[in-house]
Amino acid sequence: MSNVLTLQEYQAIAGSLTLPSMAFIDGKYRPAASGKTFVTTNPATGEHLADIAACAKEDVDFAVDKAREAFEDGRWSKLHPSERKEILIKLSKLVLRNRHELAVMESLDSGKPITDCENLDIDEFVHIMNWHAELADKIYDQTAPVGSDAISMIVREPIGVVGAVLPWNFPLLMLVWKIAPALAAGCSIVIKPAAQTSLTALRIAELAAEAGIPRGVLNIVTGGGADVGEPLGLHMDVDMVTFTGSTATGRRFLRYSADSNMKKVVLELGGKNPCIVLDDAEDLDFVAEQVCAAAFWNMGENCSAGSRLIVQSGVKDALMARVKAHAREWKVGNPLDPQNALGAMIDKGHFEKVSGFLEKGKQAGYNVVVGGETIDGIFIQPTIFDGVSNSDELAREEIFGPVLSVITVNSYEEALQVANDTEYGLAASVFTANAKKAIRAAQAIKAGTVTVNCFGEGDVTTPFGGYKQSGFGGRDNSIHAHDQYTELKTIWIDLSDSAVDGAID
């Protein structure tokens with residue numbers, strides 16, 4: 001059953017919200033040590049939402065100190081796993097109880113359509129949190145086959161204090177992708193939300209305290225990358241950093257690790273993902289629907305967006321007629337209106353970047369199949385450019401907007417070559433009725449997730465991350481994500497008869 005309300009109901013909720021504005025450290029809201037703030041606005045309207053605490057190194061140091069204190073005294077890390085599970089499940093229930101408030105807050109802060117916030121982000125937050133919570137008391141450690149004269153135990157221990165740096169495109173989802181496995185494993189965590197989208201992270205921290213997560217375990221430090229992200233990455237008492245965002249910023253966190261304590265770094269980065277449609281693809285209406293979803297969902301502000309349509313020449317005309325029709329169903333406008341499928345770009349700077357690619361496409365002489373225009377200086381029409389070469393800028397740069405480049409190929413082999421001709425390797429999809437071709441293509445494409453006859457990212461049970469410059473050091477989701485917030489320890493117990501044993505006797 002849909003949880004979506006009416007535009008008028010969402011507007012009423014928006015008008016009644018009390019928005020958080022201070023950092024959340026050691027169990028309570030606190031202003032930045034400097035007293036400074038920065039403005040967060042509704043990207044769709046430019047309306048002022050809140051003055052958020054502009055934290056800096058002093059605040060990061062305080063948050064890390066409190067996280068370390070909480071970790072070392074065991075108030076969370078040494079709780080029985082079943083106790084951690086129950087608290088995390090209670091947090092999920094509180095999120096559901098406050099779902100409309102959180103969905104509206106997310107839409108106002110990010111420009112995301114309210115239907116996505118309600119039907120995807122909230123429900124997925126709860127599902128992912130519960131999945132990792134249930135995992136906490138169901139993962140067994142191991143023993144090694146070392147013979148009868150010894151016992152070797154291989155155990156997981158929480159890694160310690162985790163720094164998590166989040167992107168602005170999926171604030172709630174990326175928050176839960178990080179905190180659910182880290183908290184289930186017993187870690188303490190210091191989170192830097194994107195400066196553009198701090199609100200829901202702050203509210204979740206308040207709900208987490210209400211659920212029973214002890215003070216110091218979950219901390220939210222708001223502010224910019226240079227002021228908060230860099231000191232978090234360089235901090236000598238942070239054991240691990242997990243980051244989702246651009247490849248360029250990911251490189252910085254690798255340098256921060258090398259320049260500090262060689263902390264573990266997990267990166268989930270950008271993508272320029274291929275969507276291959278072969279001549280024998282069936283049900284072209286469904287294929288076209290999936291192509292549009294891959295390109296336009298979340299305004300194309302999605303690292304796994306299928307932004308390169310690689311279509312075999314024999315099926316191109318029939319497919320493009322259907323793609324054109326489906327693209328027109330993606331209505332753009334007020335994010336709080338449930339009738340709209342696309343909201344606003346995250347801010348003016350990003351709008352200028354994406355609209356600049358529209359102009360480049362037109363100047364290059366590509367065929368504009370649909371769209372190509374902007375609305376009210378912040379919205380981008382879903383746009384399709386045909387006639388793009390894979391060597392062109394539109395096919396190589398991560399635009400992060402609702403822009404699809406169509407590349408025509410003549411063979412299966414050429415399709416795979418074009419798909420792999422990118423510095424990225426996050427996701428891909430293949431549409432074909434030939435099972436052997438599908439499996440061979442999935443094996444050949446250098447990407448962390450390959451879907452066959454659909455667009456998607458898997459689910460919480462499947463690891464998500466990339467090859468090449470799309471990822472480093474680990475994966476989000478699945479039991480693999482849970483494991484990356486732990487350290488492996490071998491405990492070796494000697495049972496052999498020895499001279500020492502005889503002397504003791």
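Here is a short chat about cavities, a pocket, sheets and a helix in this predicted model.

Residues are numbered from 1 along each chain as its sequence is written. Local features need pLDDT of at least 70 and side-chain atom pairs count only at pLDDT 80 or more, while totals for chains, interfaces and linings use all residues, and side-chain values use heavy atoms, with hydrogens and water left out.

Me: How many cavities of 30 Å³ or more are there?
Reply: On a 1 Å grid over the protein atoms alone, a cavity is a set of points where a 1.4 Å probe fits but cannot get out. Grid points are joined across faces, edges and corners, and a volume is the space filled by probe spheres set on the points. By that rule, the count is five.

Me: What is the volume of the largest cavity, and which residues are closest to its centre?
Reply: The volume of the largest cavity is about 70 Å³. Lining residues have an atom within 4 Å of a point, and there are 14 of them here. The closest to the centre are Gly 300, Ala 305, Ser 307, Ile 399 and Phe 400.

Me: Which element supplies the largest share of the lining of the second largest pocket?
Reply: A pocket is an open set with protein on both sides within 12 Å along at least five of seven lines, and the second largest pocket holds about 260 Å³. Helix 3 (81-97), strand 6 and helix 6 each supply at least two residues of its lining; helices (H or I, at least four residues) and strands (E, at least two) are DSSP runs, numbered from the N terminus. With three residues, the largest share comes from strand 6.

Me: Which residues are closest to the centre of the second largest pocket?
Reply: The lining of this pocket has 18 residues. The closest to the centre are Pro 81, Arg 84, Ala 136, Arg 156 and Ala 185.

Me: How far apart are the end C-alpha atoms of helix 6?
Reply: The expected span of a helix is 1.5 Å times one less than its number of residues. For the 15 residues of helix 6 (residues 171-185) that should give 21 Å, and the model agrees, with the end C-alpha atoms at 22 Å.

Me: Which are the edge strands of the seven-strand sheet?
Reply: This open sheet has mixed pairing and the order 14-17-18-13-12-20-21. An edge strand here pairs on one side only. That leaves strand 14 (367-370) and strand 21 (449-452).

Me: Which residues make up the uncovered face of strand 21?
Reply: In a regular strand the side chains alternate between the two faces of the sheet. The covered face of strand 21 has Thr 449 and Thr 451. The uncovered face has Val 450 and Val 452.

Me: Which residue stands opposite Val 450?
Reply: Strand 21 runs parallel to strand 20 (residues 427-431), joined by four bridges. Opposite Val 450 stands Ala 428.

How values were computed:
Pairing = 2+ DSSP bridges. Buried < 20%, exposed > 50% of the residue type's maximum accessible area, 1.4 Å probe, protein only.
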